[in-house]
Amino acid sequence: MEKLKIIGGNRLSGSISCSGAKNAALPMLAATILSDKAITFKNLPYLQDITTMFEILGSMGADITLNETMDFTISTANLHDFEARYELVKTMRASILVLGSLVARHGFARIALPGGCAIGSRPVDFHLDALEKLGAKIELKNGYIEASSKKLKGCEINFPGVSVTGTENIMMAAVLAEGQTILRNVAKEPEVEDLADFLKSMGAKIEGAGTDEITIDGVDDLQGSIFSIPADRIEAGTYLIAAAITAGDITISEIDPFRMNNILDKLKLSGATIKVGNNDIHLSMKNGSISPVDISTAPFPGFPTDMQAQFTVLNSLSDGSAVVTENVFENRFMHVQELNRMGCDITVKGSNAIIKGVSSLNGAPVMATDLRASASLILAGLCADGETIVDRIYHIDRGYERIEEKLSYLGADITRLPN
Ligand code: UD1
């Protein structure tokens with residue numbers, strides 16, 4: 001298994017560009033099922049989760065081509081198999097995103113039930129209940145969800161809790177349903193808006209994405225599109241923290257700072273000087289001292305759970321104590337044990353992590369447990385004394401494009417060790 005070797009202590013400086021957002025790209029790839037016309041994506045990030053979605057679409061009969069311009073064109077005109085197999089779904093829960101599109105366009109889907117997950121049980125009941133309301137018949141058979149329907153029928157759906165992929169799945173199902181669908185208590189994440197923009201570029205009629213209520217007027221069919229994947233706010237946030245904890249000075253380009261206010265506000269409170277342009281963010285942490293910042297995760301516009309582990313590291317290097325509260329997922333403090341092995345002083349009590357700042361960390365061999373937990377271990381390694389070896393980095397490759405290249409470019413001493 002590949003590993004990352006990090007020698008800590010280098011101050012990060014310079015400029016990198018942000019990659020396309022995984023969480024925007026995945027639902028858009030699933031949405032290609034909704035049209036028999038070719039769709040071209042620009043700025044698709046090179047990530048394992050994207051490869052997994054390609055494999056799912058490919059196994060169904062989609063035609064995926066890499067163009068000379070390095071853009072991908074996908075055609076689902078000849079789809080013949082409407083199934084997402086367990087071997088693929090078990091590696092990526094977001095595979096459930098093909099459910100809505102398959103039922104809407106082909107009247108059938110067979111998707112392996114996503115199993116348990118390192119960050120809590122993460123059920124899919126909101127997706128299934130909402131699809132049933134649109135008229136699908138849902139059965140659970142041999143570990144698979146089987147959903148079938150003639151034409152879906154628009155209706156009003158009040159989600160019992162806020163779910164990002166739940167909102168996206170049902171939005172995709174409703175764009176080809178008969179009549180109007182109103183979705184309430186939906187996720188307001190920027191990636192939900194991105195998906196709505198993409199579906200609209202295909203001819204869908206959607207209003208309200210980014211608010212609590214989305215209204216969709218079903219259409220008979222959708223067109224092809226050429227669409228550029230917006231930048232990844234979580235990737236950008238992770239690199240900003242890398243700079244903050246190394247007393248660094250970096251610029252991230254190709255990122256819309258206005259979708260990152262919740263992250264930037266907390267970085268400012270920690271002592272960072274932040275300057276934003278229309279399409280870039282500059283952070284400097286010249287005096288090197290970090291103030292503790294309490295974090296409490298919540299659906300957007302609240303503080304993102306996907307930045308919780310990284311801020312846990314920032315607080316560990318602060319001049320005081322902070323409390324990080326995880327409200328979105330149960331059991332999302334798997335990184336804490338490994339961070340404590342590197343010298344952090346973190347105590348978990350229920351959904352709170354109580355963090356006492358320490359003056360230095362020590363390098364150690366550590367094990368990645370999930371995507372953002374891996375990011376936090378790399379961050380800790382960047383400022384630890386000596387060598388850190390991060391094992392099981394397939395987790396990081398799911399969501400960070402060329403992380404060791406980007407960090408090296410900023411001055412970090414980080415190398416990928418082969419199997
Ligand atoms: C998405 C993101 C993930 C992020 C998360 C929260 C993608 C591909 N992934 O995950 O990076 O961490 O949003 O911002 O976009 N829930 C239910 N029943 C359901 C669905 C969800 O109880 O049917 C619960 C979950 O267990 C969790 C909460 O709702 O406690 C939010 O989960 P959700 O927004 O669905 O997360 P994902 O869409 O899986």
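## Basis

This is a predicted model, where local features need pLDDT of at least 70, side-chain atom pairs count only at pLDDT 80 or more, and totals for chains, interfaces and linings use all residues. Residues are numbered from 1 along each chain as its sequence is written, and side-chain values use heavy atoms, without hydrogens and water.

## The sheet

Four strands form an open sheet in the order β4-β5-β3-β14, with mixed pairing. Strands are DSSP runs of E, at least two residues long, and helices are runs of H or I, at least four; both are numbered from the N terminus. Two strands pair if DSSP finds at least two bridges between them. β4 (63-66) and β14 (225-228) are the edge strands; each has a single partner strand, so one side of each lacks a neighbour in the sheet.

Strand β3 (residues 39-42) pairs with strand β5 (residues 72-75) in the antiparallel sense, over three bridges. Thr40 has Thr73 in β5 as its bridge partner.

## The cavity

The structure holds one cavity of 30 Å³ or more. A cavity is a set of points on a 1 Å grid over the protein atoms alone, where a 1.4 Å probe fits but cannot get out; lining residues have an atom within 4 Å of a point. The volume of the largest cavity is about 40 Å³; a volume is the space filled by probe spheres set on the points, which are joined across faces, edges and corners.

Three helices, α8 (233-245), α12 (371-383) and α14 (403-409), each supply at least two lining residues. α12 gives the most, with four. Among the lining residues are Thr238, Tyr239 and Leu407.

Technical notes:
1 Å grid on protein atoms, 1.4 Å probe; cavity = no way out; pocket = protein on both sides within 12 Å on 5 of 7 lines; lining within 4 Å.
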